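Trainee: I would like to learn how to read the features of a model. Please take me through this one.

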Amino acid sequence: MLRRTIASLKSSISLHITEEASIHNAYHCRTFTTQSPLHLREKDRICPKHIDSVITFVLGGPGSGKGTQCAKIVETFGFKHLSAGDLLRKEIVSDSEYGSMILDTIREGKIVPSEVTVKLILRELESGDNHKFLIDGFPRSEENRIAFEHITGSEPNFVLFFDCPEEEMVKRVLSRNQGRIDDNIDTIKKRLKVFESLNLPVIDYYAKKGKLHRINAVGTEDEIFEQVRPVFAACEKKATIT
Ligand SMILES: Nc1ncnc2c1ncn2[C@@H]1O[C@H](COP(=O)(O)OP(=O)(O)OP(=O)(O)O)[C@@H](O)[C@H]1O
Ligand SMILES: Nc1ccn([C@@H]2O[C@H](COP(=O)(O)O)[C@@H](O)[C@H]2O)c(=O)n1
Ligand SMILES: [Mg+2]
């Protein structure tokens, strides 16, 4: 049964899962399913722990200020910040079997296969007691989005999109000075193309679902946070009422 559902999951979302057993064990899953996550029964979820979690996806182009604003949200609203890019970079230095593949992919500004990134995110979602998460830089593609939904059986409560003009993003990335291998003009051009072709459709998808909060990412960090604050304040208020 498990093998059959994994096989259909693979064909439906073009994943190349080579570690069914270890993913199964690591995340206490009971079964995989190809149903829409909204139809997953509690016992079918791979991560039953997520049921009461608040999950926020934080999207925007390279250098749009996602990480900067996430730090402010953590400080003000107590969310746990999971940056997909940071998790992948940690994997490179941790000598993991995926390290060299991830390094090559990041250097090229391309997207790492979803099962690798989702596995790293899941590990973080499952650790610790915090149940409010900011998932920064994910999903970067429809494949990322669908893999997350299928594997976790969860959808984000809401999605932030930091909307920034390309010129400003390039300026910010080139002056970031954190020694990132992808902060050079050639890779930035590739990342911008990938953002437009693969990430904008995800942003559109959440806009159509009424889950998207578009933030004008031009201005000082504090000005931008004043647009972000009400989104989370409303979420806190709702949690108090329900
Ligand atoms: N409002 C702002 N005005 C000017 N510079 C900013 C602003 N917000 C962030 N920055 C700077 O721009 C650079 C990129 O910001 P940040 O790292 O937060 O972007 P990001 O969206 O996480 O980028 P990436 O996707 O590449 O990780 C950093 O050096 C940061 O200090
Ligand atoms: N879902 C993701 C997120 C990131 N990557 C790769 O990491 C690079 C850096 O990401 P940042 O969010 O820190 O800018 C990105 O350009 C991708 O190569 C990914 O593959 N999938
Ligand atoms: Mg970042």
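Trainee: Is asparagine 177 buried or exposed?

Mentor: Buried means under 20% relative accessible area, exposed over 50%, and partly exposed in between, with a 1.4 Å probe and protein chains only. Asparagine 177 has a relative accessible area of 76%, so it counts as exposed. Asparagine 177 sits in the loop between α8 (166-174) and α9 (185-208). Its phi is near 60°, a positive value in a residue other than glycine. Helices (H or I, at least four residues) and strands (E, at least two) are DSSP runs, numbered from the N terminus.

Trainee: What should I know about the model itself?

Mentor: This is a predicted model: local features need pLDDT of at least 70, side-chain atom pairs count only at pLDDT 80 or more, and totals for chains, interfaces and linings use all residues. Residues are numbered from 1 along each chain as its sequence is written, chains are lettered from A and ligands numbered from 1 in the order in which they are written, and side-chain values use heavy atoms, with hydrogens and water left out.

Trainee: What is phi of aspartate 95 near?

Mentor: Phi of aspartate 95 is near 65°, a positive value in a residue other than glycine. Aspartate 95 lies in the loop between α4 (84-93) and α5. Its relative accessible area is 72%, so aspartate 95 is exposed.

Trainee: What volume does the largest pocket have?

Mentor: The definition first. On a 1 Å grid over the protein atoms alone, a cavity is a set of points where a 1.4 Å probe fits but cannot get out; a pocket is an open set with protein on both sides within 12 Å along at least five of seven lines. Lining residues have an atom within 4 Å of a point. Grid points are joined across faces, edges and corners, and a volume is the space filled by probe spheres set on the points. Here the largest pocket has a volume of about 930 Å³. Of the 41 residues that line it, Lys66, Arg140, Arg176, Arg180 and Arg191 are the closest to its centre. Elements giving two or more residues to this lining are α3 (66-77), β2 (80-83), α4, α8, α9 and α10 (221-241).

Trainee: How does the lining of the largest pocket divide by class?

Mentor: Ala, Val, Leu, Ile, Met, Phe, Trp, Tyr, Cys and Pro count as nonpolar, Asp, Glu, Lys and Arg as charged, and the others, Gly among them, as polar. The lining of the largest pocket has 11 nonpolar, 18 polar and 12 charged residues.

Trainee: Which residues does the UniProt annotation "binding site" cover?

Mentor: UniProt positions are given in the numbering used here, feature names are shortened, and annotations may be inferred rather than shown by experiment. In an unreviewed entry, UniProt gives "binding site" for Gly63, Ser64, Gly65, Lys66, Gly67, Thr68, Arg176 and Gly219. From this set, the lining of the largest pocket takes in Gly63, Ser64, Gly65, Lys66, Gly67, Thr68, Arg176 and Gly219. The same feature name in UniProt is also placed at residues including Lys110, Phe138, Pro139 and Arg191.

Trainee: Is arginine 191 buried or exposed?

Mentor: Arginine 191 is buried, because its relative accessible area is 9%. Arginine 191 is in helix α9. Contact means heavy atoms within 4.5 Å. Not counting residues up to four places away in sequence, arginine 191 touches Pro62, Gly109, Val173, Arg176, Arg180, Asp182 and Asp183. By contrast, lysine 110 is exposed, at 54% relative accessible area. Lysine 110 lies in the loop between α5 (99-107) and α6 (114-126).

Trainee: What kind of peptide bond joins phenylalanine 138 and proline 139?

Mentor: The bond is cis, with omega about -5°. Phenylalanine 138 lies in the loop between β3 (132-136) and α7 (142-152). At 0% relative accessibility, phenylalanine 138 is buried.

Trainee: How many aromatic pairs does the structure hold?

Mentor: Rings of Phe, Tyr and Trp (its six-membered ring) pair if their centres lie within 6.5 Å; planes under 30 degrees apart count as stacked, over 60 as edge-to-face and the rest as tilted. The structure holds eight aromatic pairs. One of them is edge-to-face: phenylalanine 79 and phenylalanine 232, 5.1 Å centre to centre, with 85° between the planes. Phenylalanine 79 and phenylalanine 232 are 153 residues apart.
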